[in-house]
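Here are my notes on the model, as numbered points. Please read them with the sequence and the coordinates open.

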Amino acid sequence: MSIFRALAAGILSAAVIGLSGAAHADALDSIMKAKVIKVAVPQDFAPFGSAGADLKPQGLDVDMANYIAEQLGVKAEIIAVTSANRIPYLQTHKADLVISSLGKNPEREKVIDFSVAYAPFFSGVFGAKDVAVAKMEDLAGKTVGATRGAIEEQELTKAAPKDTTIKRFEDNNATIAAFVSGQVDLIATGNTVAAAITEKNPSRPATTKFIMNNSPCYVGLNKDEPALLAKVNEIIEKAKKDGTLNKFSEKWLKNPLPAGF
Amino acid sequence: MTYHLEFSALLPYWQDLAWGLWFTVVLTVVSTVAGIAVGTLGASARSFGPPWLSGLVRVYVELIRNTPFIVQLFFIFFGLPALGLKLSETTAAFIAMVVNLGAYSTEIIRAGIDAVPKGHIEAGVSLAMTRLEVLRYIVLRQAFAKIYPALSSQIVIVMLGSAVVSQISAPDLTYAANFIQSRNFRAFEVYFVVALIYLVLSILLRYLLRLIGDRFVRVG
């Protein structure tokens, strides 16, 4: 064994010991001791997290972070992250929790744990209040606007009844304009887009008609932190029961939590 | 980088293309006929109408000729509903095309009218022709003969410009192309074929316009 390889092996094992040493401390204990919980929220993903007029982060995820901190009786330290680096922040212990409109998938489940869902995130059909549509079949004979090539438009083309008219627009803005101007009463889009429409045009809110693809948001945390996971789940369940989650959804997503959330 | 051309990827969508082509043809024919009617009326009003009407036509012509077609289209489709006038994308497309060609052809036909010698009009009046007869048999006939090539060009320009109506989801040829491209991601093949279709359409349209010109618009 050359001296370099020996040296490299030494550094590597030291690093491994150091890492596992940090991971062994119970995260909940350290948070309670420090009286601070570090939460990664989206930097630029309204309405979940973005800079407000005072340049401070604001959004549903920020409210959620503060709520969890408050329930724990600690201070929340908000860290603005991008969607690319939110999981690395967690893995390097720069954040205790990631509340960053994080969806669950098998690849992510291999590296981090997820709480129960705290916010809805879905694509679906939205529309004016007085349009009676509750499922795909109800679209028969109706006209729906969608952005050409978007997931929602392809889904609609596949699953909508034969006599549904799908008006395809070039980009998201044209689809939004078609709804806001009243050219269409229904649009297929994401719930964050629907929220933005309602926010800017309160006179013509885009209310949820039905969900097509559902990918709710979960709080992400490091693996092997059963105490913290249990605590976070308990707080979310309580918030769901006492209406806090619904309040957040109404405030930021402009729609109540969907049925069955 | 190698890109394998695969025109067969278009085959499943031939019906979309055919419907799009049909829409573009109908749109062109209707807006040409209606647009020239508007232009004829406009040019006549501009040259012989009372000052208020002439001024009104002038405002219309300047307004349309100095704004982009797509903005006019968006105004009709997205803007007018705010005033309570909601038009379907097809109606909006037809109206925008007629309004647009109407303004351009007003200017073109007016140039033709201006080129008719005053003496011809006076000759007609002295032969006891009514004003309308003078307009129809002396002024417009000569005007059209003079400006027919320019008008033909404008009609072809409008036909090609109609591609813009795809932006308000009117199902024309370009809309079909965009739709197919969003499904099979074969941008080169789709737009190559559609460009060819437009080219053939233009050549046929020019040929047709020349036939009509030779038959009905007598020169000299």
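1. In what order do the five strands of the open sheet in chain A stand, and is the pairing parallel, antiparallel or mixed? The order is 9-8-10-7-11, and the pairing is mixed. Strands (E, at least two residues) and helices (H or I, at least four) are DSSP runs, numbered from the N terminus. Two strands pair if DSSP finds at least two bridges between them.

2. A word on provenance and numbering. This is a predicted model, in which local features need pLDDT of at least 70 and side-chain atom pairs count only at pLDDT 80 or more, while totals for chains, interfaces and linings use all residues. Residues are numbered from 1 along each chain as its sequence is written, and chains are lettered from A and ligands numbered from 1 in the order in which they are written.

3. The edges of the sheet are strand 9 and strand 11 (207-214) of chain A; each has a single partner strand, so one side of each lacks a neighbour in the sheet. From one strand to the next the twist averages 25 degrees. Strand 8 (residues 143-147) and strand 10 (residues 186-190) of chain A pair in the parallel sense over two bridges, and Val144(A) stands opposite Leu186(A) in strand 10 of chain A.

4. Helix 6 (residues 151-159) of chain A packs on this sheet, touching strand 7 (122-127), strand 8, strand 9, strand 10 and strand 11 of chain A. Its direction makes about 140 degrees with that of strand 8 of chain A. Contact means that the C-beta atoms of two residues, placed from the backbone, lie within 7 Å. Axes are lines fitted to C-alpha atoms, for helices over the stretch in contact, and angles run from 0 to 180 degrees between N-to-C directions.

5. Helix 8 (residues 191-200) of chain A has Asn191(A), Thr192(A), Val193(A), Ala194(A), Ala195(A) and Ile197(A) buried. A residue is buried if 20 or more other C-beta atoms, placed from the backbone, lie within 10 Å of its own. The cover over these residues includes strand 7, helix 7, strand 10, strand 11 and helix 10 (244-253) of chain A. For chain A as a whole, buried residues make up 40% of 261.

6. The domain assignment, automatic or from a database, divides chain A into domain 1 (26-121 + 215-253) and domain 2 (122-214). Their centres, taken over C-alpha atoms, are 29 Å apart. Domain 1 of chain A puts seven residues into the contact and domain 2 of chain A six. The domain 1 side has six nonpolar, one polar and no charged residues. Nonpolar here covers Ala, Val, Leu, Ile, Met, Phe, Trp, Tyr, Cys and Pro; charged covers Asp, Glu, Lys and Arg; the others, Gly among them, are polar.

7. Between the chains, 11 residues of chain A are in contact with 11 residues of chain B. Strand 9 (165-169) and helix 7 (172-180) of chain A each supply at least two residues of the chain A side. Strand 9 of chain A gives the most, with three residues. By class, the chain A side has three nonpolar, four polar and four charged residues.

8. In chain B, the axes of helix 4 (residues 89-114) and helix 6 (residues 131-161) come within 8 Å and cross at roughly 140 degrees. The residues of this contact divide into 14 nonpolar, four polar and one charged.

How values were computed. Buried ≥ 20, exposed ≤ 12 C-beta atoms within 10 Å, placed from the backbone.
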